[in-house]
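I set them down in the order in which I consulted them.

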Amino acid sequence: MKNTKKIQNPFATVGLGKELDYLIENLSMLIAAGMPVVSALDSITEEMRSRRMKRALAAMRANVEGGSSLWVALEKSGFFREHVISLIRIGEESGRLVENLKVVSLEEEKDRLFRSKLRSALAYPIFVLVVTAVVGIGIAWFILPKLALVFSQLKITLPWITKVLISAGVFLNASGWKVLPSAALFFTALFYFVFFFSKTKVVGQYILLVIPGVRQLVKEVETARFGYLLGTLLSAGVPVTKSLDSLVNATDSVPYRKLFMHLRDSVEEGNSFQKSFSSLRRGNHRISRPIQQLIAAAEQSGNLPETFLKIGSIYESKADATTKNLTVILEPVLLVLVWLGVVGVALAVILPIYSLVGGINQGESSPVPPSAVEENAMETLPSSMNEVVPAESSEPTENVEPKDALNAPLMLRVQKTGVGYLNVRDAPLVSGALVGKISPGDTLIYTKEQSGWFSVVLSSGNEGWVSGKYVETISEQLP
């Protein structure tokens, strides 16, 4: 199989696309107006802004002025692909330079259009995914570590999704400045080697050919380029084998380049397009069977150029429709992906809070023994109420009679409690049996005090003990 070498330097035209289009369009108009090539190049050089382009035009002018043909000068610049050079060469040799320059201008415009379709179809999902990743990393880096501190203070059991996100956030907070630049560099290099590096980009191109929607768009774009380029070159008088050779150099897709190389070598051996397609294994996957039959019929009728141009026009319209449909299809898919990410973060934050609130509600609804309620209430009383009982009453003592000169009984007033009543027990102990209940504000006679408890006489005449933390002595004696 014949090896093909591209004339164009793949990096030579970076940043010069518009100026190269301007060069071809204006060169065609100026030469059509009767201006010599050297003068036309001088006129175009004055309008250029790029120093690199001005130097290239000066070199072209020197070559043409030295006796070289225009196509040779353009070839030496390294700015143009082989099929462009072929068209200009044939135009100079046949006296159709102006017409062929117009064809070149139209063909370059079509080629930019085909490339832009692929870029626009892939740019939207890539942009959305990148923004989503940046926002997610920002949340994990700056917000989740703070939530981790809050949850650790609550001392609750965290669900697995919260543990995963918090672990990621803690890791980014500790090592993010090292990990993220390294990860960004790694993925950038991976993307470059998969999709752009000349020796490995075939991997990325085969990946695109297996993605639903994108595969169809690539097929339509390459078929449209196939039709337009061959139709244009054949209409300009370029031989079939030379046109196919130019087509090989014009496409960036390695799978389609292999197909075009097979067609070129087969036709060069004397085979027809029909036989060349049938001898290619899996040829139908690249160029559809109806298109192959259409080319075979046109070859027999001698109408190949018009047929190829018609194929290019049809598949250009199909590529337009596929690009729009692909964008419409990808929008809900991307929205679902973003929604899943948002829901995951929301669940990681809400589930622990929900568990905490559920635990509190469960604790409030569970029954509590009266003694426990009393003890809890005792702990929550204001300190001013606790100070009613003298400090020395907290120490164990024997039966202590009220300190009054006449030894007359004194009154007690019941204070507010946490449960709305005060238990009266048969012994000065929390574990004593209940003998009655009294309400806040009631006044009772107490006869003695023991270990912070007061012996009181109930309205029924029975005696019992009440905690000194919930009563206050009344200084007035009974009349």
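The entries below begin with the whole protein and then turn to particular places in it.

**Entry 1: the whole protein.** I noted at the outset that this is a predicted model. I counted 17 helices and 7 strands. Of the 479 residues, 39% count as buried. The protein exposes about 27000 Å², and carbon and sulfur atoms supply 61% of that area. I also looked at contacts with a separation of 6 or more: residues 24 or more positions apart account for 67% of them.

**Entry 2: salt bridges.** How many salt bridges does a search of the whole structure find? The search finds 6. I looked up several of them in turn.

I took D42 and R61 to begin with; their side chains meet in a salt bridge at 2.5 Å, N to O. D42 lies in helix α2 (residues 37-47) and R61 in helix α3 (residues 51-65), so this pair ties together parts that are 19 residues apart in sequence. D42 is partly exposed, with a relative accessible area of 30%, and R61 is also partly exposed, at 26%. I recorded that D42, R61 and E65 are linked in a network of salt bridges.

Next I examined E222 and R225, whose side chains meet in a salt bridge at 3.0 Å, N to O. Both residues lie in helix α10 (residues 214-235), 3 residues apart, which is about one turn of the helix.

I then found R264 in a salt bridge with D265, the closest N and O atoms being 3.1 Å apart. R264 counts as buried at 1% relative accessibility, and D265 is buried at 10%.

**Entry 3: a nonpolar patch.** I located a nonpolar surface patch of about 670 Å², made by I126, V130, V134, F191, Y192, F193 and F196. Helices α6 (97-142) and α8 (160-195) each supply at least two residues of this patch. Y192 is partly exposed, with a relative accessible area of 36%.

Entry 4: S301 lies in helix α14 (residues 289-301) and counts as exposed at 55% relative accessibility. The side chain of S301 reaches the backbone oxygen of A298 at 3.1 Å. E306 has its place in helix α15 (residues 304-365) and is partly exposed, at 46%. I checked E306 against T232: the two are 74 residues apart in sequence, and their C-alpha atoms are 8.9 Å apart in space.

**Entry 5: the loop at T417.** I found T417 in the loop between β1 (410-414) and β2 (422-425). T417 is buried, with a relative accessible area of 15%. Which residues does T417 contact, leaving aside neighbours within four places in sequence? They are L422, P440 and Y470. A polar atom of the T417 side chain lies 2.8 Å from the backbone oxygen of Y421.

**Entry 6: the β5 and β6 hairpin.** Strand β5 (residues 453-457) pairs with β6 in the antiparallel sense over 5 bridges. I noted that V456 has G464 as its bridge partner in β6. The two strands form a hairpin with 5 residues between them, and G461 in the turn has a positive phi of about 95°. Strand β6 (residues 463-467) is mostly covered, with 4 of its 5 residues buried.

Definitions and conventions
Residues numbered from 1 in each chain as written. Predicted model: local features only at pLDDT ≥ 70, side-chain atom pairs only at ≥ 80, totals over all residues. Heavy atoms only, no water. Buried < 20%, exposed > 50% of the residue type's maximum accessible area, 1.4 Å probe, protein only. Polar contact = N/O pair within 3.5 Å; in protein donor to acceptor, adjacent residues only side chain to side chain. Contact = heavy atoms within 4.5 Å. Pairing = 2+ DSSP bridges. Patch = residues over 30% accessible without salt bridge, like charges linked within 9 Å, V, L, I, M, F, W, Y side chains within 5 Å. Areas by Shrake-Rupley, 256 points an atom, 1.4 Å probe, with all protein chains shown as cover. Salt bridge = Lys/Arg side-chain N within 4 Å of Asp/Glu carboxyl O.
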